[in-house]
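Visitor: Please show me the structure. I want to ask what stands behind the labels.

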Amino acid sequence: MLIMVNMQIETVLGNKLRIKILKILSKIRELNVTEIARRLGANHKTTMKHLKILENEGILQHKRFGRIRLYRFNENSVKAKAIQTLLETWENAENIR
Amino acid sequence: MVPAYRSVFKDEAKLDITYVPSRLPHREAEMRLLREFFSFMLSTPEKMAQRVLIVGDVGTGKTALSQRFGADIVQQAKQQGLNLHYIHVNCRQYRGSLFFILHHAVSVFHPNFPKRGFSAEELLNIFLQILDEQNAHVILTLDEFENLIEKEGSEPVYKLTRLQETRLNKPQRISLICILKNVKAVESLDPSTRSTLQSNIIRLEKYSKEQLVDIISDRVQLAFKPLAVSEDTISLIAELAHSEGGNARFAIELLWRAGKYADAEDLGAVTPECVRKAVSSIYAITRKSDLASLSLHEKLFLLGMARFFKENDRAYASITEVEQAYAVVCEEFGVEPHTHTQLWKYLQVLSALGIIEKSVSSTGQRGRTTLICLPGIPAHELERELAMLLEKESG
Ligand SMILES: Nc1ncnc2c1ncn2[C@@H]1O[C@H](COP(=O)(O)OP(=O)(O)OP(=O)(O)O)[C@@H](O)[C@H]1O
Ligand SMILES: [Mg+2]
């Protein structure tokens with residue numbers, strides 16, 4: 001696997017699909033790759049690429065069951081917590097408006 | 001404004017079919033036995049996997065017993081710091097498919113686990129992987145177990161009872177409770193699976209009238225206001241439920257409906273007359289479940305009759321009339337009508353189920369004719385019910 005240097009926040013969050021992935025997982029908690037791809041409207045390869053980036057940043061983690069990979073927020077990451085809080089706060093504010 | 005009225009209920013939810021009472025009168029011995037069979041779960045769960053059959057007729061408390069036991073033992077395990085899960089699956093609800101049953105079990109741990117891309121076998125391994133990772137133990141209850149055997153035969157049961165053979169030295173993870181109405185159903189399994197299952201059987205006998213009185217009285221206290229249900233009323237309900245095969249579900253449903261009739265008439269108390277009204281409405285509902293089991297053409301035929309009676313303000317119809325109505329329905333559904341001889345057979349089925357009644361009239365001009373009537377269900381209700389079922393079938 002490629003070893004990546006951590007990215008700057010503007011790079012990590014500067015991508016629509018990655019934000020969408022984070023939004024989906026903050027709502028649904030845990031999801032497999034095919035389903036994430038379907039909800040993104042992206043193909044498997046693109047989805048994997050973004051999931052790997054987010055995982056490499058320590059924001060997501062995954063578990064493997066045979067061919068299935070389930071992705072979720074990394075429970076031990078403060079960055080993950082902060083992003084979840086941001087997304088939830090954003091969502092709530094939108095609902096109030 | 002809705003006028004304030006005095007409901008007889010204190011807590012209607014206690015009469016819901018999903019409510020599991022904290023104590024089950026007259027099942028104390030069976031509960032003790034079940035606890036005995038699973039006592040190792042609270043000390044050395046990794047050392048053993050148990051299999052228990054619970055057998056008994058409709059409404060004898062099989063599901064309630066198992067669920068009460070499950071909730072209690074999970075609670076106890078928790079206090080001891082053990083990771084024990086009780087998973088109750090109704091095999092009929094999952095169409096008897098091992099895959100769907102296991103999917104349900106897996107989704108207890110991973111709620112969005114995908115439904116595609118692997119076999120039941122792989123899913124079973126995934127389930128074990130999850131349990132190993134979380135060091136969890138499961139009591140898996142397969143309710144209405146007949147459905148699983150019917151759909152899948154011996155294979156899945158064999159797999160579930162022989163898990164450990166390919167998991168040498170690994171902890172035991174899955175114990176089974178299989179619930180069924182008749183132990184005969186397991187006779188179709190291969191001999192070794194059968195013998196593993198048949199060693200621990202808990203049989204639930206039909207409730208007697210006196211036992212039903214106790215069960216109903218308990219539920220009355222939970223669900224009704226004080227003095228809202230008299231002893232007379234309870235006794236009548238027990239009597240009726242006893243003649244329905246000692247069926248506690250029937251008793252509780254009757255109790256609830258009788259309460260509804262009391263409220264509808266603002267009586268402030270559930271009288272025997274409310275019970276009698278409730279009975280006739282329940283018979284109509286049991287009939288609804290019969291409807292679901294009818295074949296496509298039996299349903300279409302019956303739909304024809306329902307329409308006939310809805311459109312004609314008459315108590316009886318002739319064979320010719322209902323056959324004509326059936327032909328119209330077939331046209332609507334785009335299917336070829338079955339022959340007169342076949343329709344005769346369907347008439348026998350429908351009358352055996354008590355959905356229709358046949359009588360022979362000798363006063364017709366052409367000699368004897370068979371007359372058909374719908375004794376119980378109002379025609380418009382029957383039509384609605386059938387239309388719904390047929391839509392489900394085609395959709
Ligand atoms: N001993 C009991 N005490 C209190 N309530 C009971 C008792 N036995 C059964 N019931 C209640 O009667 C109803 C029917 O019981 P249950 O669903 O367990 O029957 P069952 O044997 O599973 O029937 P079926 O074979 O139709 O599934 C439930 O509402 C249950 O709570
Ligand atoms: Mg049951």
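Guide: The second largest pocket is lined by 13 residues, and A:Asn32, A:Thr34, A:Ile68, B:Pro114 and B:Arg116 lie nearest its centre. This is a predicted model: local features need pLDDT of at least 70, side-chain atom pairs count only at pLDDT 80 or more, and totals for chains, interfaces and linings use all residues. Residues are numbered from 1 along each chain as written, chains are lettered from A and ligands numbered from 1 in written order, and side-chain values use heavy atoms, without hydrogens and water.

Visitor: Which element gives the largest share of the lining of the second largest pocket?

Guide: Helix 3 of chain A, with three residues. Helices are DSSP runs (H or I, at least four residues) and strands likewise (E, at least two), numbered from the N terminus. Helix 3 (33–40), helix 4 (44–56) and strand 3 (68–73) of chain A each supply at least two lining residues.

Visitor: Why is B:Gln75 called partly exposed?

Guide: Its relative accessible area is 45%. Buried means under 20% and exposed over 50%, with partly exposed in between (1.4 Å probe, protein chains only), so B:Gln75 is partly exposed. B:Gln75 lies in helix 2 (residues 62–79) of chain B.

Visitor: What makes the pair B:His88 and B:Asp143 a polar contact?

Guide: Their side chains come to 2.9 Å. A polar contact is a pair of N or O atoms within 3.5 Å; within protein, one must be able to donate a hydrogen and the other to accept it, and residues adjacent in sequence count only if both atoms are side-chain atoms. The side chain of B:His88 also makes a polar contact with that of B:Tyr86, at 2.8 Å. B:His88 sits in strand 2 (residues 84–90) of chain B.

Methods: 1 Å grid on protein atoms, 1.4 Å probe; cavity = no way out; pocket = protein on both sides within 12 Å on 5 of 7 lines; lining within 4 Å.
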